[in-house]
Amino acid sequence: MPAITPQTFKKRSFVYHKLSAKHYTEIAGAAVSIHSVVEPQATVSLCDLSNLPRTGFRGLKAAQHLLSVGLPIPAKPNQAEKSANGELVLRLSQKEFWILANTNCEQSGYSKIDNLLNTTVPKEQCFALYCQDSHAWLLLTGEYLGKIMAKLCGVDLSSEAFPLGSIAQTSAGRINIIVVHHHFNGQPCFSLLCDSAAAEYLWDSLCDAMQEFKGKERGLLALTNS
Amino acid sequence: MSRLNSPAGLLINRRRRISFCFEGKQFEGLAGDTLASALAANDQWLMSRSFKYHRPRGPLTMAGQDANTLVQLEGEPNVLADKIEIAKGLIATGQNCNGSLADDSDAFLGHFSRFMPVGFYYRSFYKMPFSKYKDSWKYWEPTIRRKAGLGELDLTFKPQYYDKEYLFYDVVVVGSGPAGLSAAITSAEAGARVLLVEEQPILGGSLTYHRFDQEGLVADVLRVRLLAEVAQNQRIKVFTKASCNGWFTDNYLPVIQGNRMFKVRAKECIVASGSFEQHVVFRNNDLPGIMMSSAAMRLMKHYAVKPGQSAVVLTGNDDGYFTALELDDQGTDVAAVIDMRENKDIHSNELKTILADRKIDLFTGHTVYEAMASKGNKKVIGVEVRAITGQGTVNNKGFKIACDLVCMSAGYMPVYQLLCQAGAQLSYDDVASEFSLNKLPAHLHIAGSVNATHALSAVLTDGKRAAIIALNNIGLALDQPVPNVECQRKVNFHWPIFSHPKGKDFVDFDEDLQAKDIVNATRLGYRDIQLVKRFSTVGMGPSQGRHSALPTARLVADSTDRNMTQTGVTTARPPFSPEKLAHLAGRIFTPYRRTTMHRRHLALGAKMMPAGNWQRPAFYGHEKDRDQCMHRESVQVRTKVGIIDVSTLGGIELRGPDSAEFMNRIFCYTFLKQPVGKTRYAVLTNEQGVVIDDGVSCRISDEHFYVTATTSGVDNVYRDMMRWNTQWRLDVDITNVTSAFSAVNLAGPDARKVLELLVKDTDLSPEAFPYLAYREGQVVDIPARFLRVGFVGELAYEIHVPSRYGEALWDVLLEAGRAFDIRPFGIETQRLLRLEKGHIIVSQDTDSMSHPAELSLDWAVNRKKPFFVGRRSIDILQAQPQTRKLVGFKLAKDFNIDDKPKEGHLVLADNHLTSKITGNITSCEFSPTLDMIIGLAFVGIHQCAVGNTVYIKVDSGALILADVVKLPFYDPDNLRQQI
Amino acid sequence: MKIINCPLNGPRNISEFVHGGEVREMPNPTTCTDKEWADYVFYSNNIAGIVTEWWLHAPSGYWFIAVRHTVSDEVIRTFDASELFNQRIDFYMLDSVEAPL
């Protein structure tokens, strides 16, 4: 069986041309980098999760729809909450919710997102959003999260001002971005969601900002297993 | 190289010697030395030449606050020698000298100063009478610039890495003197997160160099105690060698340290920036060896450098006495203390007594009237002292004292720059002879000598006071009472200006301005201080009026019979201290957007061009082959099949029961009855009735529309839609899906054949999927939306797919199209193809006045429906006679392509070059298919009939003739797109 | 840089916002005079004092309303637009008493 490359599948990440990873695996019908050369002293890493499933709903009945499939509803806009299965529910306004797949689960776990889209969507007041395609998803992990973002973003994202479960819809490096503070493998991390067409720009900007902290690109499995 | 004994020399490390080179000569200094202190330790006092008269200059402040020590480093001009630390192998030279610093052959200019008043160069050389050069300034300017130049740029420099970072603090304290330290400690102890910003390498401000008591013990003891408290407090972050260069709204503070600019946001900001010691204006007050008292103190206490062998201290306050004591302690012979105050105004008898005890002569009510210099004005060798008889006047006779050091203490000027940027006002207190600051904005506070508080104990309390007020604002003050601060200590002498008939009594050292230059400016009618500045250039030099603002204000007030509060000082703008453009630029944030097919375009040799922040292929091939590439690509589309990436097209989804009603209100045409599965051209006007965007509306279901918008227009269209519906509250969900879809237009007679190879679930036959229909299906296994559109005038399918599939879509289409010789085409080619069809591009063929009728788009406007955004304005416009119209034109077959008119060229009413302008060219291109030059142009309403000749004025000034023709140019019956 | 308190996202740098002009009431486009319409479309009051304005928080696409003093540039209050616009607006033909559709 030939090795999986970023172009093996028709679904492709928005930043795969920037990745230096040599090895990929299939997740949800797309190639996800499994590891890159990781230097042991790397304290910060950046990982492309654009190919992991995610979706969103907006409308007066969006919250009801999420509840009906057993997802939690964060109490206020700009808060995130993990579901029992590890999906991350983002509340972006009173009536807009995004759901990001569990970054750390078995293959079968990813189908949950598809179920959300396919089965029980209410006929009115609940509109599926296009965040799988309109937005890229990058994951910043390790120390200095706030300090790295402080080189790009005018909102205080230090852990005191931006505690776990917070969301900031803001501007970083002069593009719009959604920053989510959550846990990955028990460690704090930021999920960054940006315009998919500007993903390569954000990737470059983050790599540049990470340099000072010896940040490196990593694959999803390398992160999961570290 | 001898140095004073410890504890003098706070900043130096005596064990590390460092050699460096200045003016081609080797010197040795100690680690921690600035270039200026190391040179002074080597008895090299001449460091630069002045701007205009090339006078020798030496250290004035020893704190980086003056231009007297500007030197040239290798690769970097205009470096302050009293700020830059020496490093091994540092090579510096003087700048602004002709020859060497010591032997500047332009120094003769000083003798001509009488003939070179303010504005001399410009007024004399700008239009020189009898000059054979018409524009004589152009001829003289380079020479004059050389004489009055600053350093030299290294044009081969390598860019360095500069960076920016945001910081967030509860309290930011600017300045770490006693007031700043006190404020920072008080704030941190109450629980605030504090940033303490200090320009110097160590904390302490005046505590590091000033002497506050006879024994000279208080400052050190206090500094050590306060610094220990700072060090122990985790909540205080300290930045040294950092400059807070501005104050912007809501305490947004740019702080520069090294190669990084920190953009600091403070909830509360306390400015304890201190004050600048002021000089005395007397003849030759600029000679090397004449410096601020504080500069001599800094030389001793910071660098253990003895500032001279024999000193005269010229003072107007008690601080000069302390300087005299320190000099005496450190082995400098103090020849005399000259106090400008009358004996009765000197309140400290103790100080007089202690001078007497040390056998230091004291002359009260006297001043230095003139300083004497060694040959070439290179060093002060003595002063002439005279009794003061009135404001700025002295006795006819005086006496001379030999010395090699003069220390001046005329008083202090608050470091008001940041505060005035914040809108604070300066008012002058005639009793204290001092400016004070008031009307500060909320959340900005001042403490210490910038707040006209000078006694040490009062300064400490003032820091605490400011901190408690700030803490109260953020709910951290813990019920501490706000202490009362009183300080009666007077530090400013009211008129330390002693004009000399022979001049050289400098007010502004940077710009070589003398007292009479300022007075003369007021006599020429420049009464306003801002005009005095612009005429005389006072305060425009690198030190930005730190020492010239106060004497200038005094001189202007006096000669215009106003008080100083009325005169004021010139506006202080950021930056506070010089900053590099690299600091402002930082890392470059120039966002770019790429479609998912970007790499494929590059691989095919596309010439990319920007479209907004997108990158798009203009055509495929080399830039120099533009016309051939476009020719080839356009013929390909007309005869076979081509493909263009249209992912940048805007996309907006409207869903919900009111989506059709919403479409109907936003766009001009009617959409309530648009059939499902059909597309419809949609024109968007603003409230003025001007066409601002267009696109294609697809009705996916009764309650679901997908509308395209132009690449550059979609963000505004989406915002407008959101705002309208915030007001209308229709039941519709609006989503900008521009980036969610990648799209191509597959166009040409063979387009269907290509698509048939890949699409199995949708009937592509013309009967099942006719022109202007909308379908959904799969390209292989990629979910897709298909739009049959006619923008380029051939059989064409726009294929929109979720962006994650964009690159794969391109790949499969090119692979399948290979059998039909498929070729990609770029947007330049697309523009040509649509021009052949007479289709407009909004914003290229329209302007900010174009209403639908002018564009012959009346058919796309429904004026029978109750409302759409531009409706009422269009009604009003249509009721008036139309003045112009967009028409198609062609040029004669044999017209030379290189001379074709350009966009923006004017259309005239008549065949005279002077006749009325009636319109302009909006598009013009050579069409290989039609073998002629065609275009679109606005023409006068009387010129618009088909067959008319219009006159176009081109770059060369010539008139060319064009014929108005019927649109479209190509395939007039629109048969090809409907195949 | 100025800070504006977005009702949805909290205090943010003004660079995250887009100014949308004053909140103005549209005259009835069917019944108003040409002059009234022209006043609405082309003329701004531009007063020195307190104005009510549209602002957009661009990263979240959220339009809200701010009350601002044009002299001091102080933003006195920001609030969700539903405070001012709380019911559906419809347009009718001059000769019609029924809603369209």
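The largest nonpolar core of this predicted model holds 348 residues, and the members that touch the most others within this core are Leu138(A), Val312(B), Val406(B) and Leu746(B). Helix α10 of chain B, spanning residues 456-473, gives the most to this core, with nine residues. A second, separate core has nine residues, among them Trp55(C), Trp63(C), Ile65(C) and Ala66(C).

**Around Val312(B)**

- Leaving aside residues up to four places away in sequence, Val312(B) touches Ala335(B), Ala336(B), Ile338(B), Val368(B), Val383(B), Ile401(B), Cys403(B) and Val406(B).
- In soluble globular proteins, nonpolar side chains tend to be buried together.

**Where chain B meets chain A**

- On the chain B side, 29 residues are in contact with 29 residues of chain A.
- The elements β8 (163-174), β36 (733-736) and α21 (806-817) of chain B each supply at least two residues of the side that touches chain A, and β8(B) gives the most to that side, with six residues.
- Sorted by class, the side of chain B that touches chain A comprises 12 nonpolar, five polar and 12 charged residues.

**Lys378(B)**

- Lys378(B) sits in the loop that links β19 (366-373) and β20 (380-390) of chain B, where it touches Leu46(B), Pro56(B) and Pro288(B), not counting residues up to four places away in sequence.
- Because Lys378(B) has 18 C-beta neighbours inside 10 Å, it counts as partly exposed.
- Between Lys378(B) and Ser848(B) there are 67 Å in space, C-alpha to C-alpha, and the two are 470 residues apart in sequence.

**Helix α18 of chain B**

- Helix α18(B), residues 659-666, is mostly covered, with eight of its eight residues buried; these are Ser659(B), Ala660(B), Glu661(B), Phe662(B), Met663(B), Asn664(B), Arg665(B) and Ile666(B).
- The cover over the buried residues of α18(B) includes the strands β32 (650-655), β33 (679-685), β34 (691-701) and β35 (704-709) together with helix α19 (714-728), which belong to chain B.

- Four strands of chain C form an open sheet in the order β3-β4-β5-β6 with antiparallel pairing, and its edge strands, β3 (17-22) and β6 (75-80), each pair on one side only.
- Neighbouring strands of this sheet are turned by 30° against each other on average, direction ignored.
- Within the sheet, β4 (residues 50-57) and β5 (residues 62-69) of chain C pair in the antiparallel sense over eight bridges, and Trp63(C) in β5(C) is the bridge partner of Leu56(C).
- Helix α19(B) lies across β3, β4 and β5 of chain C and runs at about 75° to β5(C).

How values were computed. Residues are numbered from 1 along each chain as its sequence is written. Chains are lettered from A and ligands numbered from 1 in the order in which they are written. This is a predicted model: local features need pLDDT of at least 70, side-chain atom pairs count only at pLDDT 80 or more; totals for chains, interfaces and linings use all residues. A nonpolar core is a set of buried Ala, Val, Leu, Ile, Met, Phe, Trp, Tyr and Cys residues joined through C-beta atoms within 7 Å. A residue is buried if 20 or more other C-beta atoms lie within 10 Å of its own, exposed if 12 or fewer, and partly exposed in between; C-beta atoms are placed from the backbone. Two residues are in contact if their C-beta atoms, placed from the backbone, lie within 7 Å. Ala, Val, Leu, Ile, Met, Phe, Trp, Tyr, Cys and Pro count as nonpolar, Asp, Glu, Lys and Arg as charged, and the others, Gly among them, as polar. Two strands pair if DSSP finds at least two bridges between them. Axes are lines fitted to C-alpha atoms, for helices over the stretch in contact, and angles run from 0 to 180 degrees between N-to-C directions.
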